[in-house]
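This briefing is meant to be read beside the sequence and the structure, as a guide to a few parts of the fold.

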Amino acid sequence: MCSPFPPATTRDNHPWEKFEQQLHQRALKASEEWMRLHAAYCKLCQFYNAVGFADLILRAASALTENPELRESNYFIIDEYQDFNLSEQYLIERLVDDARGLLIVGDDDQVLYETLKSGTPSLIRKLYKDTHYSNGMLPFCGRSNYDITKNADHFIRQNIDTECIEKIYLPLKSQSDGQKVQIIACASAAIAADYVEKFVSDNRELLQQRKQQLEAGKPADAFLLILTPWKGVDFYGTQAKERITSILAEYRTEAQIFSEDYYRLLSHYLLAKDPHNNFNFRKLLHYSGISVAKVHELITAAMSNGIDLCDLNDPDISNALVKCAEIKTILDSETPIVERLDKINPLISFSDRRNLQKEMDYKPINQKILAQLERDEDEKAEVEEVEQRVSAVELMTIVGSKGLSADHVIIVGFDNVHMKWVSKNAFYVAMTRARRSLHILTALKAGGARQAHAFLDQLPDDHLEFYSYKKSDRSKHRLGGKLGFKKYLSNLNLALTPKRAARVR
């Protein structure tokens, strides 16, 4: 049996990130090893009938080159151009060739994806200098209030990139129209979590109204965004994390996003309907806990023999097919959902049975529903990849907040440890998500944090208010500006040191 995979390649010497970077930059390396790896990748794409997003961009550009008639529009608006890479630029050039109208929008101070997908600000800067384009500037910020806008403007002008496009960034009003940016010092992560909880409690009525609007399908932003430098708030510890996630659960929009349990169940059902779908079979093997080594062995055997995974004579494959058929039979029955889940539970385990039941009540998995969805490809796609909806309160990474906005924003983890790898552009984007109020929290003891991030010194005193927050009376206490804020944190560190030493003894 001849393996379709290059024998000399490993994750160490040929990592996926470097391969994807080549796709982003439209520059595949000509070495024999990389060429073999690319050939193997193309075989996998054919086997799965699926491609990665980076490769999809190149394939779309090739399709437009081969068949220009695929261009059905003459007018284009392209947003967030600062985040595009060379492959995406190439696709856009093929797409807008001979266009009658083209509007390109972007801000080179908001580049976030240089590492993630090789985005480069040089593309929009080059266009700005191109005399074939007419330049325009939107000088006013219509989203954020006066102090948030002035704060962001001052921050982004510190250590400014000499190559950046010179721009004007002004608030719509000429004087303060609301709360200044709040810089909050907390003695611990638990106290920071209490600050978030109190903010939610103080705005409960408005939050409920926003939740109802969102559930009714009315267009609206989140009421509160909680932004973190890392996914989740694990660095706050278990108790603080649970307090924040309980807030999210309370204000989550109905069926905002489906759980891993739901997708596991859906994969079993879909595979029973179409066992020759290798891509779905691969997901099922993952859900079934089959080892990576065994999965690789199965894929190699199927590809080498020109057959699908379901055609392999292997006990893991046979058991998976039998289990899928049993689960499909149960899901297609007319019994109540709770009884169906009772029968399925011995076959596959659920991490949160109660939540899965709610999801099944909202969008059940059965033949009747999927038959209806197959007549509507858009609806079918919604089941297979459930659309995420905005909730009244959202927790997300700073980078993940790009393109969103909210009445209020709380940034957590603003310290010398957790914000260490957050770029100037990312922090700028985070602050400008806020419309009415912005709260920036520094919590000591969380993951070894001892002081605020150095970005603090690049924020303008005139548009900030500094406070300590105490859980004992659940109130803020005014501090004497930036120096007072730093002194308070320093004193907290001194006060905490003896206690740590005492515990060690």
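This is a predicted model: local features need pLDDT of at least 70, side-chain atom pairs count only at pLDDT 80 or more; totals for chains, interfaces and linings use all residues.

**The seven-stranded sheet**

- Seven strands make up an open sheet with mixed pairing, and their order across the sheet is S7-S6-S8-S9-S5-S10-S11.
- At the edges lie strand S7 (393-397) and strand S11 (475-478), each of which pairs on one side only.
- Neighbouring strands of this sheet are turned against each other by 25° on average, when direction is ignored.
- Strand S5 (residues 181-186) pairs with strand S10 (residues 464-470) in the parallel sense over five bridges, and within this pair Ile 183 stands opposite Phe 466 of S10.

**Strand S6 and its surroundings**

- S6 pairs in the parallel sense with strand S8 (residues 406-411) over five bridges, where Leu 224 stands opposite His 408 of S8.
- S6 also pairs with S7 in the parallel sense over five bridges, and here Leu 395 in S7 is the bridge partner of Ile 226.
- Helix H10 (residues 238-251) lies across strand S6 (222-228) and S7, and the direction of H10 runs at about 130° to S7.

**Helices H1 and H2**

- Helix H1 (residues 16-24) packs with helix H2 (residues 32-48) at an angle of about 85°, and their axes are 12 Å apart; H1 and H2 are therefore roughly perpendicular to each other.
- On the H1 side the contact is made by Trp 16, Lys 18, Phe 19 and Gln 22, and on the H2 side by Trp 34, His 38 and Tyr 41.

**Helices H14 and H15**

- The axes of helix H14 (residues 315-331) and helix H15 (residues 337-344) cross at roughly 165° and come within 9 Å, which makes H14 roughly antiparallel to H15.
- The crossing of H14 past H15 is right-handed.
- H14 contributes Ile 327, Ile 330 and Leu 331 to the contact, while H15 contributes Arg 340, Lys 343 and Ile 344.
- The contact of H14 with H15 consists of four nonpolar and two charged residues, with no polar ones.

**Helix H6**

- Within helix H6 (residues 122-129), the residues Leu 123, Ile 124, Arg 125 and Leu 127 are buried.
- The cover over these buried residues of H6 includes helix H4 (86-95) and strand S2 (101-104).

**Tyr 488**

- Tyr 488 is located in helix H20 (residues 481-504).
- With a relative accessibility of 18%, Tyr 488 counts as buried, because the cut-off for buried is under 20%.
- Once its neighbours within four places in sequence are left aside, Tyr 488 is in contact with Ala 185, Ser 468, Lys 470 and Leu 479.
- Tyr 113 lies 375 residues away from Tyr 488 along the chain, and the C-alpha atoms of these two tyrosines are separated by 36 Å.

Key:
Residues are numbered from 1 along each chain as its sequence is written. Side-chain values use heavy atoms; hydrogens and water are left out. Axes are lines fitted to C-alpha atoms, for helices over the stretch in contact, and angles run from 0 to 180 degrees between N-to-C directions. Helices (H or I, at least four residues) and strands (E, at least two) are DSSP runs, numbered from the N terminus. Angles under 35 degrees count as roughly parallel, over 145 as roughly antiparallel, 65 to 115 as roughly perpendicular and the rest as oblique. Contact means heavy atoms within 4.5 Å. Buried means under 20% relative accessible area, exposed over 50%, partly exposed in between (1.4 Å probe, protein chains only). A crossing is left-handed if the near helix is turned anticlockwise from the far one by less than a right angle, and right-handed if clockwise. Ala, Val, Leu, Ile, Met, Phe, Trp, Tyr, Cys and Pro count as nonpolar, Asp, Glu, Lys and Arg as charged, and the others, Gly among them, as polar. Two strands pair if DSSP finds at least two bridges between them.
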